[in-house]
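Here is a short report on one protein model and its ligand. Look at the structure first, then read on.

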Amino acid sequence: MNTTAERGIDRSQMTVSDEVAIQITNMNKWYGAFHVLRDINMTVNRGERIVICGPSGSGKSTLIRCINRLEEHQAGQIIVDGTELSSDLKNIDKVRSEVGMVFQHFNLFPHLTILENLTLAPIWVRKTPKREAEETAMYYLEKVKIPEQANKFPGQLSGGQQQRVAIARSLCMKPRIMLFDEPTSALDPEMIKEVLDTMIELAEEGMTMLCVTHEMGFAQAVANRVVFMDQGQIVEQNEPNEFFNNPQSERTQLFLSQIL
Ligand code: ADP
Ligand code: MG
C-alpha cells in the first residue's frame, strides 16, 4: 500500500487564504516571575501550515497552549477566528470549539473504547445525538485508517494508532484550526510515519495547522512557514527552503547544525 509520503504530497489543495485565522500581537506571558514569552507577534492565515521549532524550554508548548487558553497570557492580544482571548469564559468556549489540540501523550480515556473516546465530547459537550456522534466518529476513524479498532480499548492499540485516534477525536469536534505539540516524539520510529501521513492528509485538505515538531522532513514537505523560537522569542521565520538553506540568525544556524 502506498503511503502518502511515497505517492508524493499534493500541494495543489494547500492554498493559503487572505483570511486571518490567528492574530497574536505583542503577547507576553510570565510563569510567576519567569518571563516565558516575550513580545510574540504572529499572524496565521487560514490554510497555513506552520511548523514551530526551537530548543527545549524555548516556550513552544506555552505559545501553543496560549492559543486555546490552556495557559493565560498577561499582556498583549490573541485573537482566534475574530474572538479575543481574555478571561471571558464565553470567548474561551468559542475559541476552544474551533481549535483542536493533539499532544505528545495521547490522553485517551483508558477505560473507554475508541468509539466512546471519540463520541464523549460530541455527545456531552455538543449535545450531538449518540447515533450521529458515532457516525461522525466512524467517518474520522476511516480517515485515520483504523475503523477496525473502534471497539477496542486504548491499551490494546499501538502508540501510532492511539495518536491517530487522538487526531480523529479532535476532528470529531470539527475544528477550523489544529494545534499539534510534538505529536510524534513519544512514538517508536516505525510509527512516526503513519502519524505524519495523517497530518499530511489534513494539510492537503486545507486545515490550518500549527505544529511543534522536530520532524524537519515534515516541515520541508508540508509547512509553508517555519518559525524558530529561542528563550521565549520568535527569533526567525521563513518559508522552509529559505529557513533551512539560508538561516539568518546565529541562534538558528546553531540549532539547525545540532538537529540536521
Ligand atoms: P518548550 O515547549 O519549548 O520546551 P515550554 O513552553 O514547555 O518550552 O517551557 C518554556 C519554559 O517555561 C521552560 O523554562 C519551562 O521550564 C517553563 N515552564 C513551562 N511550564 C511551566 C509552568 N507551568 N510553571 C513554571 N514554568 C514553566
Ligand atoms: Mg514543549
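## The ligand shell

The residues around ligand 1 are Y31, F34, V36, P55, S56, G57, S58, G59, K60, S61 and T62. A residue is counted here if one of its heavy atoms lies within 4 Å of the ligand. This is a predicted model: local features need pLDDT of at least 70, side-chain atom pairs count only at pLDDT 80 or more, and totals for chains, interfaces and linings use all residues. Residues are numbered from 1 along each chain as its sequence is written, chains are lettered from A and ligands numbered from 1 in the order in which they are written, and side-chain values use heavy atoms, with hydrogens and water left out.

What kinds of residue make up the shell around ligand 1? It divides into 4 nonpolar, 6 polar and 1 charged. In this scheme Ala, Val, Leu, Ile, Met, Phe, Trp, Tyr, Cys and Pro count as nonpolar, Asp, Glu, Lys and Arg as charged, and the others, Gly among them, as polar.

Two elements, β2 (34-45) and α2 (60-67), each supply at least two residues of this shell. The largest share, 3 residues, comes from α2. Helices (H or I, at least four residues) and strands (E, at least two) are DSSP runs, numbered from the N terminus.

| Residue | Atom of the residue | Distance to an oxygen atom of ligand 1 |
|---|---|---|
| G57 | polar backbone atom | 2.7 Å |
| G59 | backbone N or O atom | 3.0 Å |
| T62 | polar side-chain atom | 2.5 Å |

Taken alone, ligand 1 exposes 560 Å², and the protein buries 58% of that. The areas come from the Shrake-Rupley method with a 1.4 Å probe.

## The sheet

β2 also belongs to an open sheet of 4 strands, in the order β2-β1-β4-β5, with antiparallel pairing. Two strands pair if DSSP finds at least two bridges between them. The edge strands are β2 and β5 (83-84), and each pairs on one side only.

Strand β1 (residues 20-31) runs antiparallel to β2, and 8 bridges join them. I22 stands opposite V44 in β2. W30 stands opposite H35 in β2. The two strands β1 and β2 form a hairpin with 2 residues between them. In the turn, G32 has a positive phi of about 60°.

## The annotated span

An unreviewed UniProt entry carries the annotation "domain: ABC transporter" for residues 22-256. Such annotations may be inferred rather than shown by experiment. The end C-alpha atoms of residues 22-256 lie 27 Å apart. That span is 39% helix and 26% strand.

Methods: Polar contact = N/O pair within 3.5 Å; in protein donor to acceptor, adjacent residues only side chain to side chain.
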